[in-house]
Amino acid sequence: MNDLSDNALMLKVKSGDLDKLGLLYERHKKRLFGFFYNMGNNPSVSEDLVQNVFVRMLKYKSSYTGEGLFVAWMFRMARNVNHDHHNKVAKEKISLNVSSGELGNAAEDDLNDDIEKEGNSVLLRKALAKLPDEKRELLIMSKYKGLKFKELADIIGCTEGAAKVRVHRALKDLRSIFLELEIS
């Protein structure tokens, strides 16, 4: 069963063989965890968000067509799960009389507290945290998770060329922020 493609496994899940979702989970849990962690979530939250992706896959299995790459469909769900989580957290924090400015600083501080390494990796993480979510997502998916531009294009709903341009611009912005942090 391990020799079946992700697309074939998801089509089996769609047709009612729900056990195959476990195989997909085992194949992709680390990749999704890394995505959520690099998006600024702590390890515990990242684990929960990975679970939420697979719950959504089960819920929306009927929408899976088998066309395109499974990974693109999965990461579209992951992006939505991450977005929904951060919206929920923002609403909860604001309802507890925490200003939105403090919310942004808290997320950055939590990210920095989790990283105890010295040197460029700390600066890189800080620079990543300062990027807008869309650009940070693109860089994490392309550079950390190794997705191809075609896969990125499927995930974000654009052409492959546009995905390349967006990643290039995100890298350029990251480089500027990194150099700015290095100087200060």
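This is a predicted model: local features need pLDDT of at least 70, side-chain atom pairs count only at pLDDT 80 or more; totals for chains, interfaces and linings use all residues.
Residues are numbered from 1 along each chain as its sequence is written, and side-chain values use heavy atoms, with hydrogens and water left out.

**Stop 1: the cartoon.** Switch to cartoon and you get nine helices and zero strands, so the pattern along the sequence reads α-α-α-α-α-α-α-α-α (helices are DSSP runs of H or I, at least four residues; strands are runs of E, at least two; both are numbered from the N terminus). Now colour by burial: 36% of the 184 residues are buried (buried is under 20% relative accessible area, exposed is over 50%, partly exposed is in between, with a 1.4 Å probe and protein chains only).

**Stop 2: the core.** Select Leu32, Phe35, Phe36, Val53, Met57, Phe70 and Phe75. In the largest nonpolar core, which has 45 residues, these touch the most other members (such a core is a set of buried Ala, Val, Leu, Ile, Met, Phe, Trp, Tyr and Cys residues joined through side-chain atoms within 4.5 Å). Which elements give two or more residues to this core? They are H1 (6-14), H2 (20-38), H3 (43-59), H4 (70-95), H6 (120-130), H7 (133-144), H8 (149-156) and H9 (160-183). H4 gives the largest share, nine residues. As background, nonpolar side chains tend to be buried together in soluble globular proteins.

Zoom in on leucine 32. Leaving out its neighbours within four places in sequence, leucine 32 is in contact with Val50, Val53, Phe54, Met74, Phe75 and Ala78.

**Stop 3: along H2.** Leucine 32 is one of the buried residues of H2, a list that also includes Lys20, His28, Gly34 and Asn38. H2 has 19 residues and reaches 27 Å from its first C-alpha to its last, close to the 27 Å expected at 1.5 Å a residue (the expected span is 1.5 Å times one less than the number of residues). Where does H2 bend? Centre on histidine 28, where the bend is about 50 degrees (the angle between axes fitted to the seven residues ending there and the seven starting there).

Move on to asparagine 38, also in H2 and buried at 11% relative accessibility. Show what surrounds it: not counting residues up to four places away in sequence, asparagine 38 touches Arg125, Arg136, Ile140, Tyr144 and Lys145. Just after H2, glycine 40 takes a positive phi of about 100 degrees.

**Stop 4: the charged pairs.** The structure holds eight salt bridges (a side-chain nitrogen of Lys or Arg within 4 Å of a carboxyl oxygen of Asp or Glu). Here are three to pick.

- Arginine 136, a contact of asparagine 38, pairs with aspartate 133, and their closest N and O atoms are 2.3 Å apart. The two are three residues apart in H7, separated by about one helical turn. Arginine 136 is buried at 9% relative accessibility, while aspartate 133 is partly exposed at 42%.
- Aspartate 84 pairs with arginine 56, with closest N and O atoms 2.4 Å apart. This pair links distant parts of the chain, with aspartate 84 in H4 and arginine 56 in H3, 28 residues apart. Aspartate 84 is partly exposed at 36% relative accessible area, and arginine 56 is partly exposed at 23%.
- Lysine 150 pairs with aspartate 154, and here the closest N and O atoms are 3.4 Å apart. They sit four residues apart in H8, about one helical turn. Lysine 150 is partly exposed at 44% relative accessibility, and aspartate 154 is partly exposed at 26%.

**Stop 5: a loop.** How many residues separate the two in sequence? The answer is 86, yet C-alpha to C-alpha they are 7.8 Å apart in space. Glycine 68 lies in the loop between H3 and H4 and is partly exposed at 46% relative accessibility.

Methods
Contact means heavy atoms within 4.5 Å.
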